[in-house]
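Biologist: I would like to go through this model with you, one question at a time. Please start with the terms.

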Amino acid sequence: MSVVEKGKSHTNEETHATIAAAATESPKRENWASGLEFLMSCISVSVGLGNIWRFPFTAYENGGGAFLIPYIVVLFLIGKPMYYLEVLLGQFTSKSSVKIWSICPSFVGVGIGQAYAGVAVLTYYSSLLALTLYYFVASFKNPLPWSYCREEWGLNCVNSNAHANSTTDTTSTLNSRLTSSSEMYFIKEVIREYDDISEGIGLPNWELTLALFVAWLTTFLVIVRGVKTAGKAAYFLAIFPYVILITLLIRAVTLEGALDGIVFFLKPNWNELLNLKVWKEAVVQCFFSLAVGLGPIVMFSSYNKFNHNSHRDAIIVTSLDTVTSLIAGITIFGILGNLAHNLNISNIHEVVRSGTGLAFISYPDAIAKFKAVPQLFAVLFFIMLFVLGIGTLVAQANTLVAILCDHYKWMKAWVVALITSICGFLCGIIYVTPAGQWILSLVDYYGATFVIFGLASFQIMGVAWVYGLQNFCDDIEFMLRTRVSFYWRICWAVITPLLLLFIFLYSMAELKTLKYAGMDYPQSANIAGWILLAIGFVQYPLWFLWTTSHNCGGSLLEGLQNACSPADDWGPSEPEVRKQWLIYKKEMREKRNAKSNSSQLWRKLKNTFCNSN
């Protein structure tokens with residue numbers, strides 16, 4: 001497929017030159033104190049609950065090992081290219097995820113839609129941190145409250161504590177499905193879940209509400225002091241979790257029956273590779289794990305120095321993210337293998353219910369089996385989960401603050417941070433009700449999942465096809481002083497957008513009514529879900545029409561050309577760098593136009609994919 005390059009995007013550079021002297025007088029954007037702060041911040045947001053919480057249960061729902069091959073393929077063909085693209089856009093413009101669309105104003109709805117999806121994630125993500133705090137406090141009790149069964153839970157409950165299991169009488173329940181005490185504790189004591197939400201969502205749990213408040217208070221205290229303080233905190237947020245995770249991995253692989261679970265995780269079912277649903281889930285997981293399509297990566301990179309080596313950082317973060325997901329997967333499935341052994345279940349897939357609670361069932365179950373001071377390890381583990389979650393929550397909240405402050409220059413950052421935290425807390429209360437996990441799954445499915453990777457298709461097409469891949473590569477080469485490889489070019493121009501578009505269309509065609517743990521949602525909940533989905537998707541066409549009509553000077557075609565051409569403020573934010581960039585772009589254009597010894601189409605293809613200047 002050839003790359004679409006608008007002629008208007010070239011001619012507008014002449015207009016840009018006339019305004020170079022009148023560069024923006026807004027205060028210069030902050031920079032990271034060092035490049036390492038940016039790297040650590042990216043690790044803290046990309047390596048988070050998406051790896052520890054979402055990856056294992058997504059793999060669990062999609063056949064274990066059958067999910068790994070699509071995930072790794074998707075990482076190289078979609079995840080890495082999208083991540084690097086967002087890093088480059090933020091660093092080149094020093095702007096937030098909405099303002100970067102001065103590259104192609106008609107696509108500003110993509111940035112707004114992604115911000116909307118980010119808000120949806122922001123509301124429920126904080127409730128997961130509330131759960132970690134709840135478990136953190138419970139970890140100080142002796143014995144651990146999830147390690148033993150209560151009488152009211154019935155005879156089918158099996159103690160998670162390894163020593164207690166030896167005395168559990170299961171002779172009368174051999175024909176019934178046994179349930180671990182860690183699962184019963186999560187359902188009955190922590191979230192107090194309803195089996196049906198048709199009668200209402202119930203009242204919020206006051207303990208979880210208090211934990212939710214602490215989570216948002218912590219977030220506010222970090223974001224109110226600006227990105228530089230967040231950069232300092234990122235060292236701890238990025239490094240500390242690995243110490244605990246690796247320790248838990250060592251414990252998990254030594255549990256009895258763990259090998260069966262690990263084999264289930266690593267052994268692929270080749271038939272599942274033809275299941276497009278598995279590939280779709282791999283794309284969704286890749287986006288959530290790397291935090292692309294939401295804005296934090298653009299926001300973080302916008303604080304980089306203009307010539308920072310972001311290519312190196314993008315490779316490090318995306319590779320480390322994958323390794324972390326694999327470690328978490330091996331850990332979880334080792335624990336599931338042990339659970340299957342203790343519950344006399346031969347099929348790993350039948351051990352516990354899939355869903356958002358998996359990490360709050362399997363991990364605590366493993367901790368309960370520690371022979372030496374399980375309370376200490378439980379405290380450290382849930383601190384780790386909280387640290388992982390705070391890193392992502394801080395990044396997502398900071399993204400919203402940056403978007404609003406970039407657009408409304410008169411706003412004070414600390415006021416926006418306070419309002420964001422208050423609103424986030426109030427919205428999060430709905431997730432700590434007995435119907436909270438039902439609502440979380442609904443918002444995640446309709447308000448975030450489809451919106452994020454659906455708009456990502458338009459994101460990469462807007463850059464590579466409308467602005468033009470060669471234009472964008474020229475910008476990168478000017479910024480980084482290095483050539484853009486064939487791998488990045490072919491992914492941005494052809495492979496990534498077409499794969500995203502295909503998987504998105506398949507997902508829409510196969511879209512079915514959402515279920516929670518095999519149970520149907522009420523009709524009113526499904527309607528609410530479709531409204532959430534529509535609000536996210538409608539942003540792109542609405543803003544496309546608005547920018548086209550707003551730029552329509554004479555004819556509709558002229559308005560479309562103007563709306564699809566870079567705005568006057570596209571480019572580097574520093575006046576001197578911007579002036580040099582405009583000169584560079586003009587020289588590159590003249591150099592290519594001077595080569596007229598080959599056909600125009602062949603010359604464009606050669607310039608685009610072979611980097612022949």
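Modeller: Gladly! Buried means under 20% relative accessible area, exposed over 50%, and partly exposed in between, with a 1.4 Å probe and protein chains only. Helices (H or I, at least four residues) and strands (E, at least two) are DSSP runs, numbered from the N terminus. This is a predicted model, where local features need pLDDT of at least 70 and side-chain atom pairs count only at pLDDT 80 or more, while totals for chains, interfaces and linings use all residues. Residues are numbered from 1 along each chain as its sequence is written, and side-chain values use heavy atoms, with hydrogens and water left out.

Biologist: How many residues of helix α7 are buried?

Modeller: The helix, residues 181-190, is mostly covered. The buried ones include M184, Y185, F186 and I187. After α7 comes R192, with a positive phi near 50°. The count for α7 is 8 of 10 residues.

Biologist: What percentage of the residues of the protein count as buried?

Modeller: The protein has 22 helices and 4 strands. Contact means heavy atoms within 4.5 Å, and among contacts with a separation of 6 or more, 84% join residues 24 or more positions apart. Of the 613 residues, the buried share is 60%.

Biologist: Which residues does F381 contact, leaving aside neighbours within four places in sequence?

Modeller: F381 is one of the core members that touch the most others. Beyond its sequence neighbours, its contacts are I244, L248, Y363 and I367.

Biologist: At what angle do the axes of α15 and α16 cross?

Modeller: Axes are lines fitted to C-alpha atoms, for helices over the stretch in contact, and angles run from 0 to 180 degrees between N-to-C directions. Under 35 degrees counts as roughly parallel, over 145 as roughly antiparallel, 65 to 115 as roughly perpendicular and the rest as oblique; α15 and α16 are therefore oblique. Residues in their contact include L400 and L404 of α15 and V416 and T420 of α16. The axes come within 9 Å, and the crossing angle is roughly 130°.

Biologist: How far apart are the axes of α2 and α13?

Modeller: The two helices pack at an angle of about 30°, which makes α2 roughly parallel to α13. Among the residues that meet are F38, L39 and C42 in α2 and I316, V317 and L320 in α13. The axes of α2 and α13 are separated by 10 Å.

Biologist: How far apart in space are S102 and A563, C-alpha to C-alpha?

Modeller: S102 sits in the loop between α4 (65-93) and α5 (108-138) and is buried, at a relative accessible area of 7%. Not counting residues up to four places away in sequence, S102 touches K95, P566, A567, D569 and W570. From S102 to A563 there are 461 residues in sequence, but the distance in space is 9.6 Å.

Biologist: Where is the cis peptide bond that has omega near 0°?

Modeller: Most residues other than glycine have a negative phi, and most peptide bonds are trans. P143 lies in the loop between α5 and β1 (157-158). The cis bond runs from N142 to P143.

Methods: Core = buried A, V, L, I, M, F, W, Y, C linked by side-chain atoms within 4.5 Å.
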